[in-house]
Amino acid sequence: MKVDDLLNVPQFSLDQAEKDKAMLVLMKGLHEHHVANSVAYKEICTRVFGTKVDFKTLEDLPFIPVSAFKNHQLMSINEGDIFKVLTSSGTTGQSVSRIYLDKDTARLQSVALSKIISHVVGPQRLPMLVIDSKAVFENKLSFSARGAGILGLAPFGKDHTYVLNENFEPDEAVLKGFLEKYDGQRIFIFGFTFMVWQFLQKANFDKKYDLSNAILMHSGGWKKLIDRAVDNATFRLKLKEKFNLEHIYNYYGMVEQVGSVFMENQNGYLHAPNFADVIIRNPVDFSVQPIGQPGLIQVISALPISYPGHSLLTEDIGVLEGVDDSQGGWKGKYFRILGRAKKAELRGCSDTFNK
Amino acid sequence: MENNQKLINSFQEALGLDTSSIVDSLTYQSVPEWDSISHMILISQLEEDFNVSLETDDVIDMSSFAKAREILAKHGVSF
């Protein structure tokens, strides 16, 4: 069993039983690899999970908190093999996470992302409308998460057109020009959730553009929209009303697991691809929550080889909605994000891992 | 040979590299000029110069100058 076996079959095609079996083998191998090659990972795991892990199911796999990448240098390669260092967008006053990639892991990430996105978009590159500004690329040495998100999806597009000018102001002429040029055609639209709402949904047009063949992908979180009482259902409904836009795909991913993207489908829930998974855990005792019970989201991915990011406890709260029975035939687990965990909810986590 | 020179010119124009550094062993992200932003400029340049339409997999697979030649050959460009 190799990760390529899970990448080279159509994504979202494995049912949970098949996937559990394949992932268990891969994750056991990855855990042992990181214990052998990262002293910091071994220390954290041993402290919390003991020296010997009994791998009966994926749920037995040790996990570390995403915040560990801020406090520790976590890598499983020699310094000379570092190809790229990704950093998280830490808010002011916080330390940033550092994720160390070698060439192999970077390649796996881009192949994996391509398999997921092309499952939705298809193999042909489509005219691409980006709801952002080119100015996000100005500091080439340290891209923001936004810049990295756009660049990750750029290979799926052509005639890349940016709706905001260099000063991050909407350029209506550019937006209208693009929609006029490709009215009714297959196009690819990408932007951060809040910006799509602000600069596409709320833009004023003299005519109704037909985006029934367009594919919209968006990410970045709902916080700003929830403050404005816009949830996912409203977001989808309003875009359908305004543009007849129905192919809408939100996704959930993080810099600590680039390439492992959890993708929404027509039912509005996020789905785990073949080579990744989610487990919802009780924030107090970390036991596994059943369908319908909210908890901290643990993300599992078979991609991280150069750094121990294969099993992470996030600071997001989510709820499992079902397994193998999603509308549209996508197999495996599907879930919903409820928001960021409150500080109090993370206290148990920090007590456990930062002794 | 003619198309090889044309390919060197495309790389030079899109990436702003000196022609002497545009050799088979030149790989993506090995020089500051060939990063993920200029990569998309390079792709557009190749599509224009060779009148081909490259797919997403081609964009992702184009990891070196030699690989670019291979991918263009797949699209009917002879070297």
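**Figure 1. Confidence along chain B.** In this predicted model, chain B has a mean pLDDT of 93, and 99% of its residues reach 70 or more. Zoom in on two helices to see the ends of the range among the elements of chain B: helix α3 (residues 56-61) of chain B has the lowest mean pLDDT, 91, while helix α4 (residues 65-74) of chain B has the highest, 96. A friendly reminder for any such view: where pLDDT is low, the predicted coordinates should not be read in detail. For the model, the scores are ipTM 0.85 and pTM 0.88.

**Figure 2. The two domains of chain A.** Here we turn to chain A, which is divided into domain 1 and domain 2. Domain 1 of chain A takes in residues 3-81 together with 263-353, and domain 2 of chain A covers residues 124-251.

**Figure 3. The fold of chain A.** Along its principal axes, the C-alpha trace of chain A spans about 65 × 45 × 40 Å.

**Figure 4. Inside chain A.** What percentage of the 355 residues in chain A is buried? Buried residues make up 43% of them. Looking at contacts in chain A with a separation of 6 or more, 70% come from residues 24 or more positions apart.

How values were computed:
Residues are numbered from 1 along each chain as its sequence is written. Chains are lettered from A and ligands numbered from 1 in the order in which they are written. This is a predicted model: local features need pLDDT of at least 70, side-chain atom pairs count only at pLDDT 80 or more; totals for chains, interfaces and linings use all residues. Domain bounds come from an automatic or database domain assignment. pLDDT is the predictor's confidence in each residue, from 0 to 100. Helices (H or I, at least four residues) and strands (E, at least two) are DSSP runs, numbered from the N terminus. A residue is buried if 20 or more other C-beta atoms lie within 10 Å of its own, exposed if 12 or fewer, and partly exposed in between; C-beta atoms are placed from the backbone. Two residues are in contact if their C-beta atoms, placed from the backbone, lie within 7 Å.
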